[in-house]
Amino acid sequence: MRKAYIILGAALMSGFVCNGCGILPTEEEFGVAPVVQEYEGSNYNKYTVVRGDMTQKESISVSYQGTREVEITGSDGQIKKVCVQKGQKVKVGTVLVQEYSEDAEEQLNEDKRQIKSLQLQIKQAKEMKERELEQLTRTGGSKEEKENVRTQFDAQIKNCQSNIQLTQLDMKEAQETIAEAVITSEVEGTVTNADHSFDGGYAGSDNVLVKVQGEKKNRFVCKTKYAGHFRDGQEVFVTIGGSRYKAAVKKVSSEKLYLYPKNASSLQHGAVGTVDLILKEKKDVLSLPLALVYDMGGKKVVYMEGNNGIKETREVTLGESINNMVEVTSGLQENEQVITN
């Protein structure tokens, strides 16, 4: 009977000791290691530890500003005047060509005259209303007579105001037509061709009236919150349509860069591409996914397959983590396999 008590006490003490060394996580990014059974079979999914580079990068959008050339052609209409000369320097908005829009111009002038006349009629109606009301007041006119005067002149004024609004709509349409007949420069640059032989005549879409060559920029423009990560003179690679262009960095502001390529003559103005910025990098290191590392009593462990398919733990030492991958500085060798399930 005494022997039975001793066995029971030993069992209770054993349970107390096990509870005292509980397995608890110490960091949020690592899961708690599950209990290893004596034998779990050999059908494990595994991850092979490899050596290579760990890189965190940001792809930033850029656009190409080349030497832009503007070419103005006819539109099967009558050309009033080519307004520039070859060799002339022009700015954005400079009038290059003016087409005929006489009907619209006549309509605009007529609308202006009509509005001026209606405004005069409104002014006269208001003055006449006040004079007649004053006359009725002096002669003892009734309230009804005064109200009739107000009604009569207010109707005239309202009718004139409505006509002004309609005329203003016609005037806006005429102004838009005139604006469309005036062709302005979209770039700042030099006129390289101006054909005055079409002045007063007709020009089709095959007839070149004016050419303007803009400033030679030949650069990529980059706007990004990461501009501070670049330095003046740094060489980067811009990727556009599968082709790479080496370019030198010039910082413009805290959020703007110019990237000057060594050879981008084949690119079209406005082409869009990307430049990669390396934010963090570890070269030639062993690494594995963070999710395969567990906390066990303050140690970092992974699961390996031991003899006869037994699942066992192995302690590892870790370095820097990048993009859900973590560097392994000790505990594993290249091409070893870690259990993932």
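Guide: Asn 324 sits in the loop between strand 20 and strand 21 (325-330), where strands are DSSP runs of E with at least two residues, helices are runs of H or I with at least four, and both are numbered from the N terminus. The model is predicted, so local features need pLDDT of at least 70 and side-chain atom pairs count only at pLDDT 80 or more, while totals for chains, interfaces and linings use all residues. Residues are numbered from 1 along each chain as its sequence is written, and side-chain values use heavy atoms, with hydrogens and water left out.

Visitor: Why does Asn 324 count as exposed?

Guide: Buried means under 20% relative accessible area, exposed means over 50%, and partly exposed is in between, with a 1.4 Å probe and protein chains only. Asn 324 has a relative accessibility of 63%, and therefore it counts as exposed. Its phi is near 65 degrees, a positive value in a residue other than glycine.

Visitor: What makes Asn 335 exposed?

Guide: Asn 335, in the loop between strand 21 and strand 22 (337-339), has a relative accessibility of 54%, so it counts as exposed. The phi of Asn 335 is near 75 degrees, again a positive value in a residue other than glycine.

Visitor: Why is Leu 318 called partly exposed?

Guide: Leu 318 belongs to strand 20 (residues 317-322), and because its relative accessible area is 22%, it falls in the class called partly exposed. Leu 318 and Leu 290 are 28 residues apart in sequence, and their C-alpha atoms are 9.9 Å apart in space.

Visitor: How do you know that Ser 253 is partly exposed?

Guide: Ser 253, in strand 14 (residues 243-253), has a relative accessible area of 38%, and so it is partly exposed. Between the C-alpha atoms of Ser 253 and Lys 223, which are 30 residues apart along the chain, the separation is 9.2 Å.

Visitor: What can be said of Lys 211, and which residues does it touch?

Guide: Lys 211 lies in strand 11 (residues 208-214), and its relative accessible area of 26% is the reason why it is partly exposed. A contact means heavy atoms within 4.5 Å, and leaving aside residues up to four places away in sequence, Lys 211 touches Val 70, Glu 71, Thr 190, Val 191, Thr 192 and Asn 193. Lys 211 and Ile 72 are 139 residues apart in sequence, yet 6.3 Å apart from C-alpha to C-alpha.

Visitor: Why is helix 2 called roughly antiparallel to helix 3?

Guide: Helix 2 (residues 102-139) and helix 3 (residues 143-180) pack at an angle of about 165 degrees, with their axes 9 Å apart. That angle makes helix 2 roughly antiparallel to helix 3, because angles over 145 degrees count as roughly antiparallel, those under 35 as roughly parallel, 65 to 115 as roughly perpendicular and the rest as oblique. By class, the contact of helix 2 with helix 3 has 17 nonpolar, 12 polar and 11 charged residues.

Visitor: How much of the chain is buried, and how many helices and strands are there?

Guide: Of the 341 residues in the chain, 31% are buried, and the chain holds three helices and 22 strands. Among contacts between residues at least 6 apart in sequence, 73% join residues at least 24 apart.

Note on methods: Axes fitted to C-alpha atoms, helices over the stretch in contact; angles between N-to-C directions. Nonpolar A, V, L, I, M, F, W, Y, C, P; charged D, E, K, R; others polar.
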